[in-house]
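Here are some friendly notes to read alongside the model. Please keep the structure open and find each residue as it comes up.

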Amino acid sequence: MYLLIPAAGSGRRIGSDRNKLLLPVFGKPLIAWTLLAAKLSRSIRWIGVVGQPDDFPDFKDIINGIGMSKMVHLIPGGDTRQASVFCGLQGLPAVAERVLIHDGARCLVTPALFDRCAEELLTCPGLIAAVPVKDTIKIVQPTSQMITGTPDRGNLWAAQTPQGFQVEALTRCHQEGEDKGWQVTDDAMLFEQCGFPVKIVPGEETNLKVTTIMDLAIAEFILRQRAK
Ligand code: C5P
């Protein structure tokens with residue numbers, strides 16, 4: 001299975017002047033944990049890390065340090081996650097039929113979740129890891145800040161990555177998204193907008209996306225627990 005890791009973001013929201021994926025968590029740069037989970041999976045054979053070229057020297061050191069230089073390839077990314085994934089798709093080997101996409105920032109992903117997604121992807125065109133939401137979600141009118149609706153929580157799932165797709169179909173969706181100026185926050189959204197079915201694979205509660213300092217502290221705690 002092929003894996004693309006969008007890793008071309010910044011550290012702005014976490015208050016760092018460098019890419020948050022380079023910040024240390026439990027003794028290693030954050031992205032090293034994401035890569036090690038992929039290395040330990042049974043299914044992933046080829047990894048494209050989509051990054052900003054300025055970060056490539058650091059990424060190379062990390063990749064060499066964890067003995068993954070043979071399976072990891074660096075691909076220059078774009079200004080948004082959406083653009084970075086599109087760059088990644090264009091950097092895949094021509095023989096790639098299916099691809100998993102996993103945010104570098106979700107460093108607590110397990111090898112088992114990669115394997116579950118890879119296996120399911122053999123039987124459907126698109127899938128995402130997701131978990132049922134725990135909170136009651138409100139739809140709010142942005143200017144008045146008044147609630148306009150409360151969707152039935154039983155039908156709501158929080159999207160995670162890995163997300164998996166047929167490469168040709170997803171590439172067409174990204175092209176259409178770019179042509180029509182769609183702005184999406186995950187790849188499944190593009191796939192859905194183009195009319196393709198997307199299946200849910202049970203994700204993991206711990207598979208959080210490190211966005212804030214608090215997330216970083218939680219990630220550190222969970223990695224410490226796992227090492228015991
Ligand atoms: O910023 P956020 O954590 O939501 O981004 C999700 C993932 O997308 C991160 O792993 C980040 O590095 C990546 N990203 C990217 N290219 C961008 C912006 C974000 O690959 N221009």
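1. Q145 sits in the loop between β8 (139-140) and β9 (147-149). Its phi is near 60°, a positive value in a residue other than glycine.

2. Before going further, a word on what you are looking at. This is a predicted model, in which local features need pLDDT of at least 70 and side-chain atom pairs count only at pLDDT 80 or more, while totals for chains, interfaces and linings use all residues. Residues are numbered from 1 along each chain as its sequence is written.

3. Which other backbone details deserve a look? Most residues other than glycine have a negative phi, and most peptide bonds are trans. F26 has a positive phi of about 40° although it is not a glycine. You will find F26 in the loop between β2 (24-25) and β3 (28-29), and it counts as partly exposed because it has 17 C-beta neighbours inside 10 Å. There is also a cis peptide bond between T161 and P162, with omega about 10°. P162 belongs to strand β10.

4. Now step back to the whole protein, which has seven helices and 11 strands. Both kinds of element are DSSP runs numbered from the N terminus: helices are H or I with at least four residues, and strands are E with at least two. The C-alpha atoms fill a box of roughly 50 × 40 × 30 Å, taken along the principal axes. For 228 residues, a compact globule would have a radius of gyration near 17 Å, and the protein agrees because its own value is 17 Å. That radius is taken over C-alpha atoms, and the globule rule is 2.2 Å times the number of residues to the power 0.38. Buried residues make up 37% of the 228 residues.

5. In what order do the strands of the open sheet stand? Seven strands form it, in the order β5-β4-β1-β6-β10-β7-β11, and the pairing is mixed. Because β5 (72-76) and β11 (199-202) are at the edges with a single partner strand each, one side of each has no neighbour in the sheet. Neighbouring strands are turned by 30° against each other on average, direction ignored. Two strands pair if DSSP finds at least two bridges between them.

6. β4 (residues 46-51) runs parallel to β5, with five bridges between them, and G51 stands opposite P76 in β5. β1 (residues 2-6) and β6 (residues 98-101) also run parallel, joined by three bridges; here L3 has L100 as its bridge partner. By contrast, β6 and β10 (residues 157-166) run antiparallel, with four bridges, and R98 stands opposite Q166 in β10.

7. Helix α5 (residues 167-180) lies across β6 and β10, at about 115° to β10. Such axes are lines fitted to C-alpha atoms, for helices over the stretch in contact, and angles run from 0 to 180 degrees between N-to-C directions. Two residues are in contact if their C-beta atoms, placed from the backbone, lie within 7 Å. Of the contacts with a separation of 6 or more, 73% are between residues 24 or more positions apart.

8. Which residues are closest to the ligand? They are P6, A8, G9, S84 and G104, among the 17 residues that surround it. A residue is near a molecule or strand if its C-beta atom, placed from the backbone, lies within 6 Å of it. By class, the shell has six nonpolar, seven polar and four charged residues. Ala, Val, Leu, Ile, Met, Phe, Trp, Tyr, Cys and Pro count as nonpolar, Asp, Glu, Lys and Arg as charged, and the others, Gly among them, as polar.

9. T136 lies in the loop between β7 (126-132) and β8, and is in contact with T150 and R153, leaving aside neighbours within four places in sequence. N155 is found in the loop between β9 and β10, and counts as exposed because it has 8 C-beta neighbours inside 10 Å.

Notes: Buried ≥ 20, exposed ≤ 12 C-beta atoms within 10 Å, placed from the backbone.
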